[in-house]
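Student: I have a new structure on screen. Please show me how to read it.

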Amino acid sequence: MLAQGENDMSGKERRTLGVTATETHGGKLAARALKAAGVECVFTLSGGHVMGIYDGCLDEGIDVIDVRHEQAATHAADAWARLHPGKVGVAILTAGPGVTDGVTGVANAWRANSPILVFGGQGPFKHAGRGSLQEMDHVSLMRPVTKWSGACGETRRIAEYIELAVRTALSGVPGPAFLEIPMDILHGRVDLDAVEVPRFRDYRVAAAAAAPLVEQAAHLIASAERPVVMAGTALKWSEGGDALAAFLDATSVPCYVNGMARGEISWDHPSFLSLTRKEALEAADVVILAGTPLDFRMKFGRAIPADARIVQLDLDETLIGQNRPADVSLVGNLGANFDALLDVFKATGVTVDASAQLTALRTREAELDEARSAELNSDEVPIDPLRLCREIADAVTDDMIVIGDGGDIVAQASKVIRVPRRGTWMDPGPLGTLGVGMPFALAAQKAHPDKRVLIVYGDGSFGLNGFEYDTAVRFGLPIVGVVGNDAAWGQMLRPQAGLYGQDRVVATELNYTRYDKVVEAMGGHGEHVTEPDQIAPALQRAFDSGMPALVNVEIRQDRGAMKGSTYV
């Protein structure tokens with residue numbers, strides 16, 4: 001038996017034998033780079049190809065949240081990025097089906113411009129093309145739904161590749177990056193003291209547009225009689241809410257929001273409107289598109305009158321003029337560009353006063369709100385969906401994080417629920433991916449343990465990732481969900497019935513399933529509601545339980561024809 005110390009070797013002796021005191025596997029280097037990038041938490045489903053990164057995360061104090069499906073991991077990374085401006089959300093996926101399961105969440109982040117870093121496992125590099133377990137071309141698979149997709153082929157370059165991926169994800173228009181690390185590369189040996197981890201910096205767009213363009217935009221806005229602001233996702237990624245609020249304070253221009261701009265302007269700001277968007281746009285002579293793409297939500301530009309002029313603000317030149325040309329474009333950070341517009345107003349004495357138009361629209365909003373009051377306060381059974389939305393809205397507090405995961409019920413709720421002043425509203429975004437609810441909530445509750453997190457579910461969407469309640473129970477995350485249960489894929493049922501007839505409805509009908517019992521079985525708190533006056537007490541009990549909870553509310557199934565279409 002050796003005496004204590006007899007097996008110790010000097011650094012010189014270790015180097016002679018090809019071993020150093022700081023030599024370890026590449027997963028430790030990956031985690032060290034993630035820590036340098038400001039990563040605090042990663043989402044994953046356990047897999048042998050990537051477990052070296054978990055080992056490194058333990059050293060670096062990075063929390064590892066393991067979910068029940070890889071799609072949930074990428075959705076959670078998406079939400080983490082939305083809640084941490086300037087940082088990436090991280091998902092770690094094992095090879096083959098691990099990566100393919102995560103593709104939907106990556107695609108959703110891509111359409112939402114969420115900067116996430118997704119690691120993919122791979123069989124040993126030395127056996128590439130020989131048919132290793134779960135081997136496939138992940139890099140090509142991910143390329144269409146990422147800003148960058150690549151693979152690292154040398155252990156000592158892992159940190160270098162991570163910096164490249166993070167830089168790509170956060171710069172310009174944000175979005176996902178995918179990094180594959182083959183198994184033998186990740187678990188290869190590396191001397192941590194001999195490898196320099198790159199310096200991570202703030203990669204976000206900060207500059208404003210050129211001064212002549214800002215001046216041109218300011219004069220065009222000043223010439224308007226009926227200006228309107230449409231604020232969208234790029235405002236959020238620019239962190240431009242305060243600058244837009246200052247612009248609105250100075251001009252009284254009516255403002256509407258979509259996408260991730262919800263919450264950038266407080267619901268009680270004098271210029272904030274929500275029910276009269278269609279009318280205001282139809283009457284507008286100048287529209288300020290603040291990070292709002294002219295996609296299906298704006299009828300590909302047709303929502304704006306043909307003779308109206310457009311001032312378009314966005315993060316990148318490639319986003320300007322899509323589907324319809326802009327009269328003036330301001331490329332750069334949206335907050336910086338709104339500040340620059342105000343500077344021009346002050347310097348030149350140009351004034352904008354849209355207060356009369358704003359007053360008229362606010363009066364119209366009061367009329368529309370009154371017109372729906374009967375539904376908002378309905379006592380009918382089955383419960384009116386708008387009554388459910390009103391009850392949820394009454395339960396939302398100023399510090400809450402609210403997540404929409406559904407079709408019709410979320411569309412209705414978004415018109416009733418006010419985004420909390422110090423909280424957040426999150427929904428899938430333009431890809432319309434159902435199933436984001438609990439994955440988004442996991443990230444939100446982990447990031448903000450001091451806040452309450454509430455999910456508004458459709459019953460169809462609950463079925464996609466509802467099993468992540470198990471994850472919430474395991475990690476002690478007291479998330480509350482509300483299911484609007486109409487026993488149908490309602491957003492599909494109604495157009496089918498309207499277009500083809502009530503007897504031609506197919507693939508849209510569900511059951512009034514007791515989803516609350518499912519959550520109870522996983523260790524959470526469940527409530528079942530069939531009467532409208534029981535919604536509020538059930539919600540209160542759910543919040544008071546201190547557990548992951550679900551309130552399952554049976555609502556009226558609407559089979560009438562749908563006005564218009566989301567798809568054309």
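What follows goes from the whole chain to a helix, then to rings and charges.

Tutor: Start with the ground rules. This is a predicted model, where local features need pLDDT of at least 70, side-chain atom pairs count only at pLDDT 80 or more, and totals for chains, interfaces and linings use all residues. Residues are numbered from 1 along each chain as its sequence is written, and side-chain values use heavy atoms, with hydrogens and water left out.

Student: How many helices and strands are in the chain?

Tutor: Helices (H or I, at least four residues) and strands (E, at least two) are DSSP runs, numbered from the N terminus. The chain has 23 helices and 19 strands.

Student: What does the radius of gyration say about the chain?

Tutor: It is taken over C-alpha atoms, and the globule rule is 2.2 Å times the number of residues to the power 0.38. For 568 residues, a compact globule would come out near 24 Å; the chain has 26 Å, which agrees. The C-alpha trace spans about 90 × 60 × 45 Å along its principal axes.

Student: What share of the contacts join residues at least 24 apart?

Tutor: Contact means heavy atoms within 4.5 Å. Take contacts between residues at least 6 apart in sequence: 75% of them join residues at least 24 apart.

Student: How many of the residues count as buried?

Tutor: Buried means under 20% relative accessible area, exposed over 50%, partly exposed in between (1.4 Å probe, protein chains only). Of the 568 residues, 55% are buried.

Student: Which aromatic rings form a cluster?

Tutor: Rings of Phe, Tyr and Trp (its six-membered ring) pair if their centres lie within 6.5 Å; planes under 30 degrees apart are stacked, over 60 edge-to-face, the rest tilted. The whole structure holds 7 aromatic pairs. One of them is Y457 with F462, edge-to-face, 5.2 Å centre to centre and 85° between the planes. Y457 is buried at 1% relative accessible area, and F462 is buried at 4%. Ring pairs link Y457, F462, Y469 and Y515 into a cluster.

Student: Where does the charged end of R262 sit?

Tutor: A charge sits over a ring if NZ of Lys or CZ of Arg is within 6 Å of the ring centre and within 35 degrees of the ring normal. R262 has its charged end over the ring of W425, 4.4 Å from the centre. K236 lies over the face of W237, 5.2 Å from the ring centre.
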